[in-house]
Amino acid sequence: MASENPQVILLLGSKSDAEHRNAISQALDKLGITHVTRIASAHKVTSYLLDLMQSYEQDGLPHVYITVAGRSNALSGVVDANSRHPVLACPPYGDRFGGMDILSTVRMPGGVAPLLVLEPAAAALAAAKILGVGSPEISQRVTELQERTRQQAIEDDRAAQDF
């Protein structure tokens with residue numbers, strides 16, 4: 001289950017979160033970040049989720065959890081409350097509730113502090129920055145991505161002058 005490299009564990013509340021997960025996964029791939037995907041609803045299979053987490057918590061490797069759960073996001077809170085590793089909550093936008101379901105991620109009880117990042121690519125970047133603290137290779141890839149982003153912004157400005 002574990003890799004020798006720092007990794008991101010993508011935890012989905014259900015398979016309906018797969019499209020959002022795919023966007024995160026693609027961004028992680030571009031950064032060369034090892035990641036695995038698991039599905040474990042905090043509401044429906046809490047003990048399974050905790051057992052799954054225990055294997056990652058005990059492996060001794062650096063990792064970041066990115067939780068992807070919509071509607072009522074217990075997943076991010078349960079994972080954060082039971083982990084010593086950073087947790088990034090990246091819930092998919094819910095049209096059904098006009099985006100208001102995000103409030104279940106914004107307000108967590110005391111002692112529970114998942115970080116909220118709404119854009120999938122930004123969640124991947126945040127995870128890479130966290131892992132980069134202990135990995136010069138990952139840190140360098142983040143720096144390179146930031147430089148490409150800056151260069152693209154400058155190129156976009158130049159192109160805009162031709163409008």
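Helices in this description are DSSP runs of H or I with at least four residues, and strands are DSSP runs of E with at least two, numbered from the N terminus. The model is predicted. Within helix α6, which spans residues 136-160, R150 and E147 are 3 residues apart and are therefore separated by about one helical turn. An α-helix has 3.6 residues a turn, so residues three or four places apart point the same way. R150 forms a salt bridge with E147, in which the closest N and O atoms are 3.1 Å apart. The structure holds 1 salt bridge. Both partners count as partly exposed, R150 because its relative accessibility is 44% and E147 because its relative accessibility is 35%.

The strands form an open sheet. Its 5 members are arranged in the order β2-β1-β3-β4-β5, with parallel pairing. β2 (34-39) and β5 stand at the edges with a single partner strand each, so one side of each has no neighbour in the sheet. Strand β1, residues 7-12, is joined to β3 by 6 bridges, and the two run parallel. The pairing of β1 with β2 is likewise parallel and comprises 6 bridges. On the β3 side, the bridge partner of L12 is V68. β3 also pairs with strand β4 (residues 87-89), in the parallel sense and over 3 bridges. In this pairing, Y65 stands opposite V87 of β4.

Burial was examined for β1 and β3. β1 is largely enclosed by the rest of the structure, because 6 of its 6 residues are buried. Both of its faces are covered: Q7, I9 and L11 lie on one side, V8, L10 and L12 lie on the other, and all are buried. β3 is mostly covered, with 6 of its 6 residues buried. From β3, H63, Y65 and T67 point one way, whereas V64, I66 and V68 point the other way, and all of these residues are buried.

N73 is found in the loop between β3 (63-68) and α3 (74-81). With a relative accessible area of 3%, N73 falls under the 20% limit and therefore counts as buried. N73 caps the N-terminal end of α3, where a side-chain oxygen of N73 lies 3.4 Å from the backbone nitrogen of L75. The side chain of N73 also makes a polar contact with the side chain of T105, at 2.8 Å. When residues up to four places away in sequence are not counted, N73 touches A89, P91, S104, T105 and M108. In α3 itself, L75, S76, G77, V79 and D80 are buried. The cover over the buried residues of α3 includes β1, α2 (46-57), β3 and β4.

Beyond α3, S83 lies in the loop between this helix and β4. S83 has a relative accessible area of 16% and is buried, because buried means under 20%. The side chain of S83 makes a polar contact with the side chain of E57 at 2.7 Å. Leaving aside neighbours within four places in sequence, S83 is in contact with M53, E57 and Y65. The C-alpha atoms of S83 and S139 are separated by 23 Å, and these residues are 56 residues apart along the chain.

The surface was also considered. F97, M100, L103, V106, L116 and L118 make a nonpolar surface patch of about 530 Å². One of these residues, L118, is placed in the loop between β5 (115-116) and α5 (120-132). L118 counts as partly exposed because its relative accessibility is 44%.

Terms used:
Residues numbered from 1 in each chain as written. Predicted model: local features only at pLDDT ≥ 70, side-chain atom pairs only at ≥ 80, totals over all residues. Heavy atoms only, no water. Patch = residues over 30% accessible without salt bridge, like charges linked within 9 Å, V, L, I, M, F, W, Y side chains within 5 Å. Areas by Shrake-Rupley, 256 points an atom, 1.4 Å probe, with all protein chains shown as cover. Salt bridge = Lys/Arg side-chain N within 4 Å of Asp/Glu carboxyl O. Buried < 20%, exposed > 50% of the residue type's maximum accessible area, 1.4 Å probe, protein only. Polar contact = N/O pair within 3.5 Å; in protein donor to acceptor, adjacent residues only side chain to side chain. Contact = heavy atoms within 4.5 Å. Pairing = 2+ DSSP bridges.
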